[in-house]
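Please open the model in your viewer and keep the sequence panel beside it, so that each selection can be followed in both.

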Amino acid sequence: MSKRNQTLKDILDIILYENPSTQDEIAEKLGITRRYVTQLLQPLVKNGTIKRAYMIDLKSYEKVMESIGDYVKTPNTSGNVLINDMLANMARHVHSQLEMSFEAVLDYDEDKANKALEMDYATNNMVEKIRTSVETIVSINKHSEISKSMLYNEIAYDLERIGDYCGHIAKFVINDVYEVDDNVLKKLRKMYKTAQSMIRMSMTAFIEGKTDLKDDLSELEETIHIMQSKAINLIATQMAESSFDEKERSNYFIYLFRLIKAFKRIGDISVEMMDVAVEFHDNIPRPTTPRSFR
């Protein structure tokens with residue numbers, strides 16, 4: 001493959017998997033000039049392969065990759081493999097978003113909180129890319145199971161929901177004037193680590209088909225519920241010992257309860273993603289009863 005074609009492939013990989021915002025960002029990642037990025041992308045923008053917000057038309061993408069000699073068409077190349085890669089990248093991004101949100105709480109750092117909120121824009125953009133890619137795959141692969149293909153969208157939307165709850169965590173720092181008590185922080189650290197593990201486990205089940213992880217996930221679900229109860233009881237004790245003459249102190253407890261609920265909901269969504277994985281790989285339909293009534 002020529003050096004030019006290799007660079008073009010690298011640019012397309014970044015657009016597909018790393019969600020760049022600008023051509024400057026692409027150029028910086030590859031150590032090339034923005035002008036060269038523009039030069040390589042311009043024909044693809046004109047013919048519709050690259051769309052606005054750096055979205056790739058997968059049908060045109062196949063033709064481009066064939067033309068540069070780095071594409072072997074298989075039943076899964078433009079389907080499961082590509083979408084799985086996009087979902088894996090989105091999951092990594094959401095992990096980082098959750099990490100940044102919680103670091104903002106630990107350090108009581110408003111700059112980190114704002115950065116975590118900014119990361120949600122990329123999360124939302126990733127959902128749209130996956131949705132568009134799934135629609136393209138369904139349209140060009142007449143033998144695809146549409147119902148299963150739509151499950152990719154469900155996982156993407158679930159990751160987006162987790163991103164929203166990361167925003168709730170970050171907003172605690174922006175909205176409040178008090179740092180979290182050390183005893184409560186210990187409970188939150190445990191909930192945070194458990195939530196991260198649950199996201200990772202459910203995504204592994206969906207992408208790699210390891211649905212036998214469901215029992216392990218159930219144990220983590222129980223852990224996060226126990227930690228939620230302990231944190232709520234601890235806060236209730238602190239509330240009983242506090243004066244609510246100050247509006248700010250009252251708001252502190254309200255926002256703190258929201259923060260705890262955010263971790264619990266992230267755990268619940270992870271369990272829902274595991275249910276999707278079981279339906280996708282094992283053909284076992286998900287329960288129709290809402291989780292709160294099971």
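In which helix is the place of Lys-193? Select residues 182–208, which form helix 8, and Lys-193 will be found there; helices here are DSSP runs of H or I with at least four residues, strands are E runs of at least two, and both are numbered from the N terminus. This is a predicted model, in which local features need pLDDT of at least 70 and side-chain atom pairs count only at pLDDT 80 or more, whereas totals for chains, interfaces and linings use all residues. Residues are numbered from 1 along each chain as its sequence is written, and side-chain values use heavy atoms, with hydrogens and water left out.

Colour Lys-193 next: its relative accessibility is 55%, and it therefore counts as exposed, a word that means over 50% relative accessible area, with buried meaning under 20% and partly exposed in between (1.4 Å probe, protein chains only).

Move on to helix 9, residues 214–240, where Asp-215 has its place. Asp-215 is exposed because its relative accessible area is 57%, and together with Asp-212, Asp-216 and Glu-219 it forms a negative surface patch.

Finally, show the whole protein chain, which has ten helices and two strands and in which buried residues make up 46% of the 294 residues.

Note on methods. Patches are made of residues with over 30% relative accessible area and no salt bridge: like charges are joined within 9 Å, nonpolar side chains (Val, Leu, Ile, Met, Phe, Trp, Tyr) within 5 Å. Accessible areas come from the Shrake-Rupley method with a 1.4 Å probe; for residues, only the protein chains shown count as cover. A salt bridge is a side-chain nitrogen of Lys or Arg within 4 Å of a carboxyl oxygen of Asp or Glu. Lys and Arg count as positive and Asp and Glu as negative; His and the chain ends are not counted. The place of a charge is taken as NZ of Lys, CZ of Arg, CG of Asp or CD of Glu.
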